[in-house]
Every structure is written in C-alpha cells, then in structure tokens.
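Student: Hey, can we go through this structure together? I'd like to get my bearings before class.
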Amino acid sequence: MALRNIVTIPNNLLREKSREVTEFNESLGQLIDDMIDTMFRADGVGLAAPQVGILRRICVVCVDGKTVYELVNPVIVKQSGEQVGPEGCLSVPGRHGIVCRPRKIVVEAQDRTGKKHTYKLEGFIAVAFCHEIDHLDGTLYIDKVIEEA
Ligand code: NI
C-alpha cells in the first residue's frame, strides 16, 4: 500500500467526468488499497479516484473507522427524503458548508473483483456515499452549499 497525493481545488481533474471501470485486475486492487490508506491518513470519511488524479469511477467510504466500502462503478438507483448537514472535502481544505442530501438511498456498485452489491443506506453514511459519487461526475459539495458552516 502507498499513500497518494490528494488533488485540491482549483485543479481541473476535480471537474472531469470519470470513466467506468472495465478491467478488474491487480492494479485496480492496488489503487483501491492506496485510496483506503490515503483516506485514513488524511482523516477523511471518503475518497474518490479523481481526488488522487485518476479519472475512473471508484470511491471508498468509511464513516465509523471500521467498515470500509469500496465502490466501483456506483450508481444511486433510488433516493428518498432529505437531510441537511455540514460537509467538508479533502480536496477543499479548510472549508465546510451545509448541504441538502437525500435521507435514504439505494446504491448498486461492484467491488474490486467485479462482483455486484446493493447497499441500502440512511443518515450520514448516505451523505458520504452521495458526496463521493458526485466526485465521479466532477461535482463538488461546494456546488450544492446552501449556507456556509
Ligand atoms: Ni470530497
């Protein structure tokens, strides 16, 4: 495992649309392991591949310090309700803002082997998933801030 450099605004890589992962090989596993390492070292609860300069549809999320979700080609297939709360981003250092997100979501994603999973999420972890999946389309939380925190 190795730490990767985290790209910060205004780097244009953060504004690109990431491409789907089609090869589930060793280098994908290596990248995911590096992303998990980098997320923990930076004290983050999530990290998306474009944040380490790789324009592929991959993100990792861990909101409790224990359970790590690795999402390859994630898609939000259902969402309901809303919740409002503070967010920050490792690519936007030193800032926070209040964002409105769905309260409940269902996400379909593959893992590093290509196996498909369905995740039903509610509360803060749903926020973390939405935030990271947004990165894959070049969207940052600062685009959605309704109030500075
Ligand atoms: Ni972020």
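This is a predicted model: local features need pLDDT of at least 70, side-chain atom pairs count only at pLDDT 80 or more; totals for chains, interfaces and linings use all residues.

Student: Okay, so how does Asp137 count?
Tutor: Asp137 has a relative accessible area of 35%, so it is partly exposed.

Student: Which side chains does Asp137 meet in a salt bridge?
Tutor: Lys17 is one of them, with N to O at 2.8 Å. Lys17 sits in the segment before α1 and Asp137 in the loop between α2 and β8, so this pair ties together parts that are 120 residues apart in sequence. Asp137 also meets Arg57 in a salt bridge, at 3.2 Å from N to O. That pair links distant parts of the chain too, 80 residues apart, with Arg57 in the loop between β1 and β2.

Student: And are Lys17 and Arg57 buried or exposed?
Tutor: Lys17 is exposed, with a relative accessible area of 57%. Arg57 is buried, with 11%.

Student: How many salt bridges does a search of the whole structure find?
Tutor: It finds 10 salt bridges. Among them is Asp33 with Arg112, where the closest N and O atoms are 3.0 Å apart. Asp33 is in helix α1 and Arg112 is in the loop between β6 and β7, so the pair ties together parts 79 residues apart in sequence. There's also a network of salt bridges that links Glu87, Arg101, Asp134 and Lys144.

Student: Are Cys89 and His135 buried or exposed?
Tutor: Both Cys89 and His135 are buried.

Student: You mentioned β4. What joins β4 to β5?
Tutor: A hairpin joins them through 2 residues. The two strands run antiparallel, with 6 bridges between them. Gln83, for example, has Arg101 in β5 as its bridge partner, and Val84 stands opposite Cys100.

Student: Which way do β5 and β8 run, parallel or antiparallel?
Tutor: Antiparallel, and 3 bridges join β5 to β8. There, Val99 has Val145 in β8 as its bridge partner.

Student: What about aromatic pairs, how many are there?
Tutor: A search of the whole structure finds 3. Take Tyr69 and Tyr119: their ring centres are 5.4 Å apart and the planes are at 85°, so the pair is edge-to-face. Tyr69 is in strand β3 and Tyr119 is in strand β7, so the pair ties together parts that are 50 residues apart in sequence. Both Tyr69 and Tyr119 are buried.

Student: Which residues do ring pairs link into a cluster?
Tutor: Tyr69, Tyr119 and Phe129.

Student: Last one: which residues make the nonpolar surface patch?
Tutor: Val45, Val63 and Phe124 make it, and the patch covers about 220 Å². Val45 lies in the loop between α1 and β1.

How values were computed:
Residues are numbered from 1 along each chain as its sequence is written. Side-chain values use heavy atoms; hydrogens and water are left out. Buried means under 20% relative accessible area, exposed over 50%, partly exposed in between (1.4 Å probe, protein chains only). Two strands pair if DSSP finds at least two bridges between them. Helices (H or I, at least four residues) and strands (E, at least two) are DSSP runs, numbered from the N terminus. Patches are made of residues with over 30% relative accessible area and no salt bridge: like charges are joined within 9 Å, nonpolar side chains (Val, Leu, Ile, Met, Phe, Trp, Tyr) within 5 Å. Accessible areas come from the Shrake-Rupley method with a 1.4 Å probe; for residues, only the protein chains shown count as cover. A salt bridge is a side-chain nitrogen of Lys or Arg within 4 Å of a carboxyl oxygen of Asp or Glu. Rings of Phe, Tyr and Trp (its six-membered ring) pair if their centres lie within 6.5 Å; planes under 30 degrees apart count as stacked, over 60 as edge-to-face and the rest as tilted.
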